[in-house]
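Please work through the following exercises with the sequence and the structure side by side, and try each task before you read its solution.

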Amino acid sequence: MKDPKTLTLTPPPSFTLFPSLNLPQKPITFHQFSTLIITFIAYAAFHASRKPPSIVKSILGPDPDPDPSNPQPGWPPFNSASGTHRLGELDLAFLSAYAIGMYFSGHVGDRIDLRLFLTAGMIGSGVFTVMFGLGYWFDVHLFGYFVVVQICCGVFQSVGWPCVVAVMGNWFGKAKRGLIMGVWNSHTSVGNIVGSVVASSVLGFGWGWAFLLPGVLIVVMSVIVFLFLVVNPETIGLELPRDDDEEEEGVMGTSTEGTALVELRKVESEEGDGEVGSESSSTAIGFLEAWKLPGVAPFAFCLFFSKLVAYTFLYWLPFYIRHTAVAGVHLSHKTAGILSTIFDIGGVVGGILAGYISDLIDARAVTSIVFLISSIPALVVYRLYGSISMFSNIFLMFLSGLLVNGPYALITTAVAADLGTQSSIKGNSRALATVSAIIDGTGSVGAALGPLLAGYISTRGWNSVFFMLILSLSVAGLLLVRVVRNEIKEKVNEGKWLWFSGIVH
């Protein structure tokens, strides 16, 4: 069987078109920065094309403050009394396909050229985003049409994340990975902001334009990926410098649950080569083997509940703002869509802050659980006092976005990259796409469930929706307790955090 890694050894076309990109003209830092920018733009485009369904929800669905001149607002079949149910089911169709596709995309991504795979995913996402918008101009009211389009779009969207995480893991070592990934992962929120602003700004011309522009945008960005993305340093004859942590050799006990594996120093075990570790760095890891890696399961299920909360806000926050009077006034569709970007701006700050703190204290799980616990009272206060004034709404929405998206960003980036390059697999970079797909794929199952539940529960009142979100955050925190204990235990054994010694011993 042909080595799958050889499929990625061809430089992108830009190296032929622009010879100055070849060595020794450009240092490795130039290519690292270029990779960061290209993958940032690519995934921001993915998220920008996901945002239109949430922006047009308040237009498609029943209006709480209808215009007397338009006795039947909305767009059939979403404007009936059960319209929110249909909108939730539409989210489920997309996110279920996304979650299922994520597992397969990670598996495939470890075996083919990630540049071509990512390009295909972006083009397919753009085509089906545009097809959803075409329903406006062709006056489509068949629910099945929108469901099929969303399923196909979800499959192509699932290609993006495993590819960009694997490429980033190939180019950046563990040193400062939390901060680098925290900054880089702001592409999610930046994409949401761009998608919200673009979609909201053209609503006056018809809701179809809200899909057309983001769809065209991601197709244009796919050309940049195809021409310029370098999947790994070896593709252009470079070798990534080793971090100090990667050069250290450590002694690990028989337990597979310690932080030595979760924090992932790339060292060899005294116990010798294991079955997984004996594989060459170019061999793709099996799906079940990846699940058995220490730390993968608890972080994956934590992300299930964390992403359930994040995606409920992603898909329903503009609808919630439109249906909740702020200072006694119901906002317009456009204003509600643009105002919802405050949550994403908070998410940018939260992702960077979580990454920086996790690097500073060298404890990913501890950082995540602190953010998760803190987000619970933040959501309570936002629900109770967010509608008092525009200032309180903006401030509390920003704070909620910061705390909710912090651990979500950290787990899907730095933690996934750490777990995909840990010592038990000898730094096997081919496992990166599989591990990141497992973690984000499991999280995406929660992402699919959250918006669906919100669509049904919202008919009973928004207090019930917020109770669901708070309960999910609590469970997410509980799932990390054991990993947090192991992280603290390692710190105590290193002579740090001695005030916790009574807890872990």
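This is a predicted model: local features need pLDDT of at least 70, side-chain atom pairs count only at pLDDT 80 or more; totals for chains, interfaces and linings use all residues.

**Exercise 1. Describe how helix α5 packs against helix α7.**

Begin with the elements: helices (H or I, at least four residues) and strands (E, at least two) are DSSP runs, numbered from the N terminus. Axes are lines fitted to C-alpha atoms, for helices over the stretch in contact, and angles run from 0 to 180 degrees between N-to-C directions. Helix α5 (residues 114-137) and helix α7 (residues 160-171) have axes 9 Å apart and pack at an angle of about 145 degrees. α5 passes α7 in a left-handed crossing, a crossing being left-handed if the near helix is turned anticlockwise from the far one by less than a right angle, and right-handed if clockwise.

Next, look for contact, which means heavy atoms within 4.5 Å: L114, F117 and L118 of α5 meet G160, C163, V164, A166 and V167 of α7. Sorted by class, this contact has seven nonpolar, one polar and no charged residues, where Ala, Val, Leu, Ile, Met, Phe, Trp, Tyr, Cys and Pro count as nonpolar, Asp, Glu, Lys and Arg as charged, and the others, Gly among them, as polar.

**Exercise 2. Work out how α4 is oriented relative to α5.**

The axes of helix α4 (residues 83-109) and α5 come within 13 Å and cross at roughly 165 degrees, which means that α4 is roughly antiparallel to α5. Here, angles under 35 degrees count as roughly parallel, over 145 as roughly antiparallel, 65 to 115 as roughly perpendicular and the rest as oblique. The crossing of α4 past α5 is right-handed. On the α4 side the contact involves L90, S105, V108 and G109, which meet L114, F117 and F132 in α5; by class, these are five nonpolar, two polar and no charged residues.

**Exercise 3. Place I345 in the chain and state which residues I345 touches.**

I345 is found in helix α16 (residues 341-361) and is partly exposed, with a relative accessible area of 35%. Leaving out residues up to four places away in sequence, I345 touches I193 and F398. The C-alpha atoms of I345 and M397 are separated by 9.5 Å, although these residues are 52 residues apart along the chain.

**Exercise 4. Locate P77 and D362, and describe the backbone at each.**

P77 lies in the loop between α3 (52-60) and α4, and a cis peptide bond with omega of about 10 degrees joins P76 and P77. D362 lies in the loop between α16 and α17 (364-385), and its phi is near 55 degrees, a positive value in a residue other than glycine.

Definitions and conventions
Residues are numbered from 1 along each chain as its sequence is written. Side-chain values use heavy atoms; hydrogens and water are left out. Buried means under 20% relative accessible area, exposed over 50%, partly exposed in between (1.4 Å probe, protein chains only).
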